Amino acid sequence: MPDLDTTPRMRGAGWELWRGLSGRAARLLAGLHQTWRRSLQVRVVTITLVASSLLVGGFAYLIADKITNILLDNAKTDVQLRLTSGAEYAAKQFSLYSQPQEAQLQETIDGTVNYLAAGGPQQTSGVVVAITAENDAGVIEPRTSPAVDVRPLISPELRAAVAGGHVANQIRTGRVTADGETTKYLVYGSPVPTRFGQVELYYLVPLTLQDTTAGQARATVVATGIALVLLLGLLAALVTRLVVIPVRVAARTAQRLSAGLLDQRMAVNGEDDLALLGASFNQMATNLQRQILRLEEMSRLQRRFTSDVSHELRTPLTTVRMAADLIFAERDEFDPAVARSAELLQAELDRFEELLTDLLEISRFDAGFAVLDAEPTDLVPVVHRVVDRLSGLAERVGVAIELDVPTAPAIAEIDPRRVERVLRNLVGNAVEHGEGRPVRITLGMDETAVALTVRDHGVGLKPGEEKLVFNRFWRADPSRARQTGGTGLGLSISLEDARLHGGWLEAWGAPGQGAQFRLTLPARAGDRLTTSPLRLVPADATLPFGAGPASGLLAIGPGPGGALAVGPATAGPQRRAEVGS
């Protein structure tokens with residue numbers, strides 16, 4: 001009996017062994033599953049092996065069964081012929097006797113059994129012949145040649161059938177020889193009519209030769225089937241390899257092309273379909289390379305043209321600005337019409353300077369020269385500075401600006417100049433489109449992100465326009481004049497500023513319900529955003545009839561890398577999904 005202290009340790013060791021085996025089995029299954037998913041060749045070869053194994057297995061079973069039946073039928077036919085001739089011979093030998101008690105009858109039975117068991121040159125070795133009788137005239141003890149006990153091999157059912165005057169057979173397994181070896185026998189019985197009653201004649205033929213022949217045939221068929229399955233698997237692997245290798249080469253070449261190595265090409269050998277595929281792939285890659293280089297050159301020229309024009313316009317603009325400032329300063333001494341013209345000239349020059357500044361900023365973004373100067377900043381003062389700067393414009397157009405900011409500091413690692421510019425563009429855009437209704441600015445923060453929303457109650461956005469608001473120089477109503485003197489590039493620059501921070505700038509709008517823009521930035525520079533502290537769809541938005549809670553409305557806006565941010569109208573912090581642009 002194990003010691004009480006060692007039993008728990010034995011169980012613990014067994015559990016650890018089971019866990020180790022389970023872990024290895026799980027890793028093995030995971031590896032096989034991964035190989036199955038990744039390798040077309042493995043799938044094709046496996047399917048070929050399974051299908052061919054089932055087909056060859058079924059064919060081998062049919063062949064082996066057919067061979068076994070043929071051998072058994074031949075044995076039955078041979079035994080039937082011998083049984084018929086033996087029954088006729090026994091009937092002639094017993095026709096001289098009318099009583100089973102006659103002294104010579106037993107000798108005649110013994111001689112008949114020995115003759116039938118050994119007679120004829122075609123007699124199969126191991127055949128046992130038995131004669132017995134049990135009728136009204138008396139009982140004749142079984143006589144067999146050779147002298148063995150055949151009673152276990154003659155079933156009551158077989159004996160009853162033979163006693164009823166029928167020829168019957170069955171296959172039985174038993175030990176009848178002296179060595180005690182178990183042998184399968186084909187047992188045939190036939191009635192033999194005599195003057196003193198019916199005698200039963202039995203032939204017991206061993207099926208050893210038939211079983212050996214059938215086993216050899218099955219082994220041959222199985223070996224041939226296995227060889228055929230392996231050959232089919234090898235053939236499938238070779239054929240699949242011929243197809244898979246060019247596909248893998250094409251995949252690797254496509255990956256290199258997508259990584260920017262535009263000079264990569266496939267090696268083309270021969271003139272078959274795979275060679276045609278390789279040649280077509282190379283031609284496509286050449287055309288793509290030519291088109292990409294052309295577009296890159298056009299983009300470079302466009303960026304350089306924008307930058308050069310912006311810089312070149314600085315000098316004449318400075319001169320015009322000096323003259324305009326002089327005229328504007330002396331406007332009180334001019335005719336009222338000329339004074340008004342001086343005021344218009346001054347306003348348009350201000351707007352022209354802003355446009356040049358925005359164009360230079362856009363060109364820096366396009367050229368990839370924009371740099372983020374992130375530092376820990378409290379966003380609450382930033383929001384107040386923007387509101388103070390735009391309060392005069394808001395009073396002029398009759399729009400009230402409402403603030404919902406926390407009393408505690410909202411510290412995040414941001415570039416304050418860029419974030420202030422983004423917020424100024426969003427608030428200015430909301431004031432311009434607010435239709436005289438209040439504009440609300442909300443600031444929220446959690447452990448990972450900080451968010452700002454700007455909500456107006458103007459005409460809103462039509463379906464699909466939330467995808468366009470960040471395009472350069474886009475207007476919802478082209479005939480509408482810009483009351484704020486904007487350049488049409490504010491939202492585009494704001495989007496680039498948000499991307500530079502690794503954040504999101506998204507828009508929601510509905511006709512007649514106004515619009516809301518949400519800026520979400522990571523609390524620590526370089527972190528990846530997953531959620532926003534503020535919801536994108538405002539709480540006072542009216543849902544379509546029949547829609548469930550916050551369903552039926554989508555807020556779509558450009559996200560990082562040019563993706564479109566699709567936000568469902570959910571309450572609370574919103575998780576964002578991205579779809580291709």
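Which residues have the most contacts inside the largest nonpolar core? The close-ups below start there, in what is a predicted model.

Close-up 1. Welcome to the core of 36 residues, where Leu-423, Val-427, Phe-470 and Phe-517 have the most contacts. Helices and strands both contribute: at least two core residues come from each of α8, α9, α10 (490-500), β8 (411-414), β9 (439-445), β10 (449-456), β11 (504-510) and β12 (514-522). A second, separate core has 26 residues, among them Ala-75, Val-129, Phe-196 and Tyr-203.

**Close-up 2. The surroundings of Phe-517.** Look past the residues within four places of Phe-517 in sequence, and you will find Phe-517 in contact with Leu-426, Asn-429, Leu-452, Thr-453 and Val-454, as well as Val-469, Phe-470, Leu-491, Glu-506 and Ala-507. One of these partners, Phe-470, is also named with Phe-517 among the residues with the most contacts inside the largest nonpolar core.

**Close-up 3. Helix α8 beside helix α9.** Two packed helices are described by the angle between their axes and the distance between the axes. Here helix α8 (residues 379-397) and helix α9 (residues 416-432) have axes that come within 10 Å and cross at roughly 25°. That angle is under 35 degrees, so α8 and α9 are roughly parallel to each other. Their crossing is right-handed. On the α8 side, the contact uses Val-382, Val-383, Arg-385, Val-386, Arg-389, Leu-390, Leu-393, Ala-394 and Val-397; facing them from α9 are Glu-420, Leu-423, Arg-424, Val-427, Gly-428 and Val-431. Sorted by class, this contact holds 10 nonpolar residues, one polar residue and four charged residues.

**Close-up 4. Helix α9 with helix α10.** Now follow α9 to another partner: the axes of α9 and α10 come within 9 Å and cross at roughly 145°. This crossing is left-handed. From α9, Arg-418, Arg-421, Val-422, Asn-425 and Leu-426 meet Gly-490, Leu-491, Ile-493, Ser-494, Asp-497 and Leu-500 of α10. Five nonpolar, three polar and three charged residues make up the contact.

**Close-up 5. Ser-190 in strand β4.** The last stop is Ser-190, found in strand β4 (residues 183-194). Is Ser-190 buried or exposed? Its relative accessible area is 7%, which is under 20%, so Ser-190 is buried. Setting aside residues up to four places away in sequence, Ser-190 touches Leu-83, Ala-87, Val-162, Val-167, Val-199, Glu-200 and Leu-201.

Note on methods:
Residues numbered from 1 in each chain as written. Predicted model: local features only at pLDDT ≥ 70, side-chain atom pairs only at ≥ 80, totals over all residues. Heavy atoms only, no water. Axes fitted to C-alpha atoms, helices over the stretch in contact; angles between N-to-C directions. Helix = DSSP H or I, 4+ residues; strand = E, 2+ residues; numbered from the N terminus. Parallel < 35°, antiparallel > 145°, perpendicular 65-115°, else oblique. Left-handed = near helix turned anticlockwise from the far one by under 90°. Contact = heavy atoms within 4.5 Å. Nonpolar A, V, L, I, M, F, W, Y, C, P; charged D, E, K, R; others polar. Core = buried A, V, L, I, M, F, W, Y, C linked by side-chain atoms within 4.5 Å. Buried < 20%, exposed > 50% of the residue type's maximum accessible area, 1.4 Å probe, protein only.
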